[in-house]
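The questions below do that, one label at a time.

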Amino acid sequence: MEQTFAIIKPDAVERNLIGKILEKIETEGFRVASIKRALLTVLIAEGFYHVHKERPFFKDLTKSMCAGPVVLLVLEKEGAIKAWRKLMGATNPAEADEGTIRKEFAVNLEKNSVHGSDAPETAAFEISYFFSQTEIIS
Ligand code: ATP
Ligand code: MG
């Protein structure tokens, strides 16, 4: 079963959307193989988003990820990586399809409520960045 990594971002946790987002995740047939609440530090957020470090929005992005608690998730499903990206919707919620999490819950490009790995290599890196193997129950 393929695994992917997801974050419920600070903007969504702050608005008490954890339950609604998890409901969509489970309804779409994902197994929550691991879940924890965390408060990221800037150093941890910078390491996590290192691929974006040359982008003009890097500082705002890493700061916003530390603005409040997040929920970290390992999700499992056949084709989980693509399926989770589809359920999240487009990065900019103005472009997100009906029925996606970002269409329904995101505020704007910066407060877009969820993160998802974009490829098998990034999923492996991101899962191991936050979880040890003993914390993941398939
Ligand atoms: P994520 O990695 O959070 O799942 P994504 O893969 O859809 O989102 P990325 O291109 O990886 O999008 O960008 C990471 C995050 O940086 C986005 O979720 C968004 O919050 C923010 N971001 C992306 N592009 C911009 C931009 N042009 N201006 C401001 N913030 C941006
Ligand atoms: Mg991304």
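Read from the N terminus, the elements of the chain follow the order β-α-α-β-α-α-β-α-α-β-α, and they amount to seven helices and four strands. The model is a predicted one.

Q: Why is the pair of Phe 5 and Phe 131 called an aromatic pair, and what makes it edge-to-face?

A: The search of the whole structure finds nine aromatic pairs. In the pair of Phe 5 and Phe 131 the ring centres are 6.4 Å apart and the planes make an angle of 65°. Because centres must lie within 6.5 Å and planes over 60 degrees apart count as edge-to-face, both words apply.

Q: How do you know that this pair links distant parts of the chain?

A: Phe 5 belongs to strand 1 (residues 2–8), while Phe 131 is found in the segment after helix 7 (120–130), and 126 residues separate them. Phe 5 and Phe 131 are both buried. The two rings also belong to a cluster, linked by ring pairs, that includes Phe 48, Tyr 49, Phe 125, Tyr 129 and Phe 130.

Q: What makes the pair of Phe 30 and Trp 84 edge-to-face?

A: The planes of Phe 30 and Trp 84 stand at 85°, with the centres 6.2 Å apart, and an angle over 60 degrees is what the term requires. Phe 30 lies in the loop between helix 2 (18–27) and strand 2 (31–38), whereas Trp 84 lies in helix 5 (residues 80–88), so the pair ties together parts that are 54 residues apart in sequence. Both residues are buried, which means that each has under 20% relative accessible area.

Q: Why is Lys 77 said to sit over the ring of Phe 30?

A: The charged end of Lys 77 is 5.3 Å from the centre of the Phe 30 ring, and the label asks for a distance within 6 Å, together with a position within 35 degrees of the ring normal. Lys 36 likewise lies over the face of Phe 131, at 4.5 Å from the ring centre.

Q: How do you know whether the radius of gyration of the chain agrees with that of a compact globule?

A: For 138 residues a compact globule would have a radius of gyration near 14 Å, and the chain has 14 Å, so the two agree. Along its principal axes, the C-alpha trace spans about 35 × 35 × 25 Å.

Q: What share of the 138 residues is buried?

A: Buried residues make up 46% of the chain.

Technical notes
Residues numbered from 1 in each chain as written. Chains lettered and ligands numbered in written order. Predicted model: local features only at pLDDT ≥ 70, side-chain atom pairs only at ≥ 80, totals over all residues. Heavy atoms only, no water. Phe/Tyr/Trp six-rings, centres within 6.5 Å; stacked < 30°, edge-to-face > 60°. Helix = DSSP H or I, 4+ residues; strand = E, 2+ residues; numbered from the N terminus. Buried < 20%, exposed > 50% of the residue type's maximum accessible area, 1.4 Å probe, protein only. Rg over C-alpha atoms; globule rule 2.2 N^0.38 Å.
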